[in-house]
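Here is a short briefing on one protein chain. Look at the sequence and the model first, then read the points by topic.

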Amino acid sequence: MTRSVLRGLRATALVSASVLVATLSAACGDDAASDPNTITVMSSFTTGEATGDEFNKLAKQFTKETGVKVDVEEVNYADLPKTYEAAKLADEERDLVIENLTPDTTDWLPQGQVVDVSRYLDEWGIKDKLDPDAVKYWTQGDSGVAGFPFIGFNWPVWYNTDLLHKAGVNEIPKTTDELVAAAKKLRAKGIQPMALGGGEWPVQNFTTWMVQQYLEPDEAQTLFAKGGYCQSEDAVRGLDLFGRLRDEGVFIDDAEGYTADQMTTAYFNGKAAMMPSGSWAYTLAPENIAKVTTLAGFPVTADGAYSKPTAFRGHSAGILVTPNGEQKIDTIKKFMTFLYSQKSLQGWAGDASQILDVTPDKIGDVKSSNPLVVQGTAVTDEDVDFLLLPDSFIPAGYDYQPVATDFLGKKGQSGKDFCKALDGLYANGG
């Protein structure tokens, strides 16, 4: 859920396009752009992680079976939107883009930077394999479907039960009062409570998590789309809760300066007892940490909108087809049907331990060997209430992170202060 400001991004892309495109063209080769026997891919799946390793393995297998080369350019997830936009401005875009559908990319289909794939989903028999909610998430009104939904996620809270037990906390906190009490016990033992990436995108997600503690989904959707936080008593209550957790010492010291990587590093090194993070990190956790981790929702808020602990789930990672890719659509069809074949899907679910947007019956009898993936798959609506995922409602370019970081670093600041900063984003158009 990273949200860099797209208005500034457009200007940056225009200024840097000539430099970036020269680099991209060298990496991919001019011939590859028009060669029907080569598919060029800009991918946020990176080598050394489960997704990148699995994708590269399958790309090589596809080439072996078909003779079609797959030229993969890996780009850091946070940098990919501006890198792609720079290439697109110079008509040097890749055939496929693998990225999340977030406010950084939701305007690509309406602007024609990628193509509507709805007809291909139907004609290639892929839509029948997908979770209907995933297709719904990727559908953008009259513009069509922005891409092929591929990897889903869930986003619970991680609890290191070993550290909790050392502090005398023998059960996962069920309420926010219990969470605060647990944080105090942890600090008394010299253990940092909850790691939070307060200087990057995790704090944006956590802000929307807290906002929804007292909000019904319909009102939350309106606020995410149009603003008006200060006019919503319940939204302000949620922001006040965020402030209370900050002031009561629930978050790791200096959380406002932590990156997403520093957040996970603190938890993975046993330096923090809790962390709000998603299924993308399940395969990265060290074995000793995975063994003592329990995945559950954020504790219930008294008089809140939800009776169960809360978490997120979504369908954000997908494969987008560019106008260049549509010029060689027959080749793209071969590759996409290969990726969505049962054999390939079983590799993603078993070897790469990913939660897919494909229904389980289309994957077949295969399970991950990763204990956190198995545990995470069991985080269902029987145990948690899933909040509204805000990514498809917050307008493109609206960046909560700076104001959320500022709020996280100002002890004593209230929800009434924070709501003004959030509403200011909408008043200023991002």
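**Overall picture**

Of the 430 residues in the protein chain, 56% are buried, where buried means under 20% relative accessible area, exposed means over 50%, and partly exposed lies in between (1.4 Å probe, protein chains only). The model is predicted, so local features need pLDDT of at least 70 and side-chain atom pairs count only at pLDDT 80 or more, while totals for chains, interfaces and linings use all residues. Residues are numbered from 1 along each chain as its sequence is written, and side-chain values use heavy atoms, with hydrogens and water left out.

**The whole chain**

- The protein chain has 20 helices and 10 strands; helices (H or I, at least four residues) and strands (E, at least two) are DSSP runs, numbered from the N terminus.
- The radius of gyration of the protein chain is 22 Å, close to the 22 Å that the globule rule gives for 430 residues, so the chain is as compact as a globular protein of that length. This radius is taken over C-alpha atoms, and the globule rule is 2.2 Å times the number of residues to the power 0.38.
- The C-alpha trace spans about 65 × 50 × 35 Å along its principal axes.
- Taking contacts between residues at least 6 apart in sequence, 79% join residues at least 24 apart; contact means heavy atoms within 4.5 Å.
- The accessible surface comes to about 17,400 Å², and 48% of it belongs to carbon and sulfur atoms. These areas come from the Shrake-Rupley method with a 1.4 Å probe; for residues, only the protein chains shown count as cover.

- An open sheet with mixed pairing is formed by 4 strands in the order 6-7-5-8; two strands pair if DSSP finds at least two bridges between them.
- Strand 6 (192-194) and strand 8 (293-296) stand at the edges, each with a single partner strand, so one side of each is left without a neighbour in the sheet.
- From one strand to the next, the twist averages 20°; axes are lines fitted to C-alpha atoms, for helices over the stretch in contact, and angles run from 0 to 180 degrees between N-to-C directions.
- Strand 6 runs parallel to strand 7 (residues 272-276), and 2 bridges join them. Glutamine 192 has alanine 272 in strand 7 as its bridge partner.
- Helix 12 (residues 260-268) packs on the sheet and touches strand 5 (157-160), strand 7 and strand 8. Its direction makes about 140° with that of strand 7.
- Helix 8 (residues 176-188) lies across strand 6 and strand 7, at about 155° to strand 6.

**Proline 276**

- Proline 276 is in strand 7 and counts as buried, at 3% relative accessibility.
- Leaving aside residues up to four places away in sequence, proline 276 touches several residues, including Trp155, Met194, Phe206 and Met263.

**Strands 4 and 9**

- In strand 4 (residues 148-155), 8 of its 8 residues are buried.
- Strand 4 pairs with strand 9 (residues 310-321) in the antiparallel sense over 6 bridges. Phenylalanine 153 has glycine 314 in strand 9 as its bridge partner.

**Helix 10**

- The buried residues of helix 10 (residues 217-226) are Ala220, Leu223 and Phe224.
- Seen down the axis of helix 10, these residues fall within an arc of 95°, so they line one face of the helix; the arc is that of the directions from the helix axis to the C-beta atoms.
- Asp218 and Lys226 are exposed on the other side of helix 10.
- The buried residues of helix 10 pack against helix 9 (201-211), helix 11 (233-247) and helix 20 (415-427).
- Just after helix 10, glycine 227 takes a positive phi of about 80°.
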